[in-house]
Amino acid sequence: MKRWLAFAPLIVLALLGVLFAGYALKRDPNVQPQAMVGKPMPALTLPELSTGAATSLASVARGGPVLVNFFASWCAPCEIEHPQLMALNAQGMKVIGVAYKDAPPNTQAFLTRLGDPFAARLVDRDGAAGLEFGVTGVPETYLVGSDGVILAKHTGPLTPDAAENLLAKAR
């Protein structure tokens, strides 16, 4: 009996190896969770970046379609996608920025340095709004229709092709 107990850790390790081989090696890391697509945008009230005033996300997203972009000053890919957000703003697309887990002074410095493409700038200091949307990491961009339903989600920095795909879905 005691001999079997000595082999128990090896048996558990072998079972974990089988579990890893069966799940993790066959999992596609490029799959993007789309749980909120087709559902209403969460009803959230967040502080506005410059004033701190409580602002309803639905009120600033009214008159859609709009893009809701989760970003942060500490996020290198967010800096990479920033010119694309500026281009979308120049094309007349309303973009709402949500500073995800970022200090407001850092967010303000980021926007001062790179330019401000956002029609509204909201702060999600603790990440709760990101959880409501299903954010897996920044940057993430959600296309919200005029009826408040999330039409599409893009994970990672927006490229010109990805932005064009979102615009096509907005039409």
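**Close-up views of the sheet and its surroundings**

**View 1. Strand 6 against strand 7.** Leucine 143 has its bridge partner, alanine 152, in strand 7. Strand 6 and strand 7 run antiparallel and are joined by 5 bridges. Two strands count as paired if DSSP finds at least two bridges between them. Strands (E, at least two residues) and helices (H or I, at least four) are DSSP runs, numbered from the N terminus. The model is predicted: local features need pLDDT of at least 70 and side-chain atom pairs pLDDT 80 or more, while totals for chains, interfaces and linings use all residues. Residues are numbered from 1 along each chain as its sequence is written, and side-chain values use heavy atoms, leaving out hydrogens and water.

View 2. Strand 3 and strand 4 pair in the parallel sense, over 6 bridges. Here asparagine 69 stands opposite glycine 97 of strand 4. Buried means under 20% relative accessible area, exposed means over 50%, and partly exposed lies in between (1.4 Å probe, protein chains only).

View 3. Contact means heavy atoms within 4.5 Å.

**View 4. Two sides of helix 6.** In helix 6 (residues 160–170), Ala162, Ala163, Leu166 and Leu167 are buried. Down the helix axis they fall within an arc of 140 degrees, so they line one face of helix 6. The arc is that of the directions from the axis to the C-beta atoms. An α-helix has 3.6 residues a turn, so residues three or four places apart point the same way. Pro160, Asp161 and Lys169 are exposed on the other side of helix 6. The cover over its buried residues includes strand 3, helix 3, strand 6 (140–144) and strand 7 (150–155).

**View 5. Leucine 88 and the core.** The largest nonpolar core has 44 residues. Such a core is a set of buried Ala, Val, Leu, Ile, Met, Phe, Trp, Tyr and Cys residues joined through side-chain atoms within 4.5 Å. Met41, Leu57, Val68, Phe70, Leu88, Ile96 and Phe133 have the most contacts inside it. Leucine 88 touches Leu67, Met93, Val95, Leu158, Ala163 and Leu167, not counting residues up to four places away in sequence.

**View 6. Tryptophan 74 and lysine 101.** Tryptophan 74 sits in the loop between strand 3 (66–71) and helix 3 (76–90). Beyond its neighbours within four places in sequence, tryptophan 74 contacts Tyr100, Lys101, Asp102 and Val138. A polar atom of its side chain lies 3.0 Å from the backbone oxygen of lysine 101. Lysine 101 is in the loop between strand 4 and helix 4. Its phi is near 50 degrees, a positive value in a residue other than glycine. Most residues other than glycine have a negative phi, and most peptide bonds are trans. A cis peptide bond, with omega about 0 degrees, joins valine 138 and proline 139.

**View 7. Arginine 121 in strand 5.** Arginine 121 belongs to strand 5. Its side chain makes a polar contact of 3.2 Å with the side chain of aspartate 116. A polar contact is a pair of N or O atoms within 3.5 Å; within protein, one must be able to donate a hydrogen and the other to accept it, and residues adjacent in sequence count only if both atoms are side-chain atoms. The backbone oxygen of phenylalanine 118 lies 2.7 Å from a polar atom of the arginine 121 side chain.

**View 8. Lysine 153 in strand 7.** Lysine 153 lies in strand 7 and is buried, at 9% relative accessible area. Its side chain reaches the backbone oxygen of glycine 134 at 3.4 Å. The lysine 153 side chain also makes a polar contact with the side chain of glutamate 140 (3.5 Å).
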